[in-house]
Amino acid sequence: MPPLLHPALLLLLGATLTFRALRRALSRLPLPAHVRADPLRTWRWHNLLVSFAHSIVSGIWALLCVWQTPELLVEIETAWSLSGYLLVCFSAGYFIHDTVDIVVSCQARASWEYLVHHVMAMGAFFSGIFRSSFVGGGVITLLVEVSNIFLTIRMMMKINNAQNHLLYRINKYVNLIMYFLFRLAPQAYLTYFFLQYVGQGTQGTFLLGILLMLDIMILIYFSRLLRSDFCPERVPSPQHKDKFLTE
């Protein structure tokens, strides 16, 4: 079916509007004093609240998909489940919303790494959505949202200048464990699986290209995380203080 007539478009539109409505609702919540005093921190706080909600829903949803349809972990290209398909559409809607939010809020320059990530993620998800294939790959990819729950908590506490809080110190170790289990491990597994498509010129080859670029980004983020949380004597340079992904 041509993409312009594809029923998934309604799912994508519905998911995008849902996150937009959530953004408006969450923006009415009271802000911490340290956040409220800075317009940039205020925008980032609201943006991260939506990201946090998406991570909780998508992370739990991805775990349920794997539990209900375990073949998604093995038959990555051909296995299919309605729940998994809807999950991929739901998360694609989030990436659309977040991309628009970053651009409209004039934060594209500070958050350009997020935009690059979102474009690659949307390319991969749209490929699977409109071809109804690699749903298993999408579900495995979204296991990363379990890790993102703790990563977002960390970022929100840093924005609120709460790095010395006991919760932050506990979370940084939990975050590290979850990063290994739900980000590095699934990414390594998917990379190994998709290497079979090298040189084939298929959808799998296209997804492999995206996956390898994401691998590089994830390793860079991991090195930043280690330097920031476990080498505190290394202070970020002033020109990077406003970058969204180097917190």
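Student: What should I know before I start?

Tutor: The model is predicted, so local features need pLDDT of at least 70 and side-chain atom pairs count only at pLDDT 80 or more, while totals for chains, interfaces and linings use all residues. Residues are numbered from 1 along each chain as its sequence is written, and side-chain values use heavy atoms, with hydrogens and water left out.

Student: Which residues touch the most other members of the largest nonpolar core?

Tutor: In soluble globular proteins, nonpolar side chains tend to be buried together. A nonpolar core is a set of buried Ala, Val, Leu, Ile, Met, Phe, Trp, Tyr and Cys residues joined through side-chain atoms within 4.5 Å. Buried means under 20% relative accessible area, exposed over 50%, and partly exposed in between (1.4 Å probe, protein chains only). Here the largest core has 48 residues, and Trp45, Ile76, Phe125, Ile129, Phe134, Val139 and Phe194 touch the most other members. Helices that each supply at least two residues include H1 (8–26), H4 (82–104) and H5 (112–131). Helices are DSSP runs (H or I, at least four residues), numbered from the N terminus. The largest share, eight residues, comes from H4.

Student: What is Phe125 in contact with?

Tutor: Contact means heavy atoms within 4.5 Å. Setting aside neighbours within four places in sequence, Phe125 is in contact with Val88, Ser91, Ala92, Phe95, Gly138 and Leu142. There is also a second, separate core of eleven residues, with Met120, Leu176, Tyr179 and Met217 among them.

Student: How many disulfides does the structure hold?

Tutor: A disulfide is a covalent bond between the sulfur atoms of two cysteines. The cut-off used here is a pair of cysteine sulfur atoms within 2.5 Å. This structure holds zero. For Cys65, the closest cysteine sulfur is in Cys89, 12 Å away, too far for a bond. Cys65 is buried, at 1% relative accessible area, whereas Cys106 is exposed, at 67%.

Student: How are H1 and H5 oriented to each other?

Tutor: Axes are lines fitted to C-alpha atoms, for helices over the stretch in contact, and angles run from 0 to 180 degrees between N-to-C directions. Angles under 35 degrees count as roughly parallel, over 145 as roughly antiparallel, 65 to 115 as roughly perpendicular and the rest as oblique. The axes of H1 and H5 come within 10 Å and cross at roughly 140°, so the two helices are oblique. Ala8, Leu9 and Leu12 of H1 meet Phe126, Ile129 and Phe130 of H5 in this contact.
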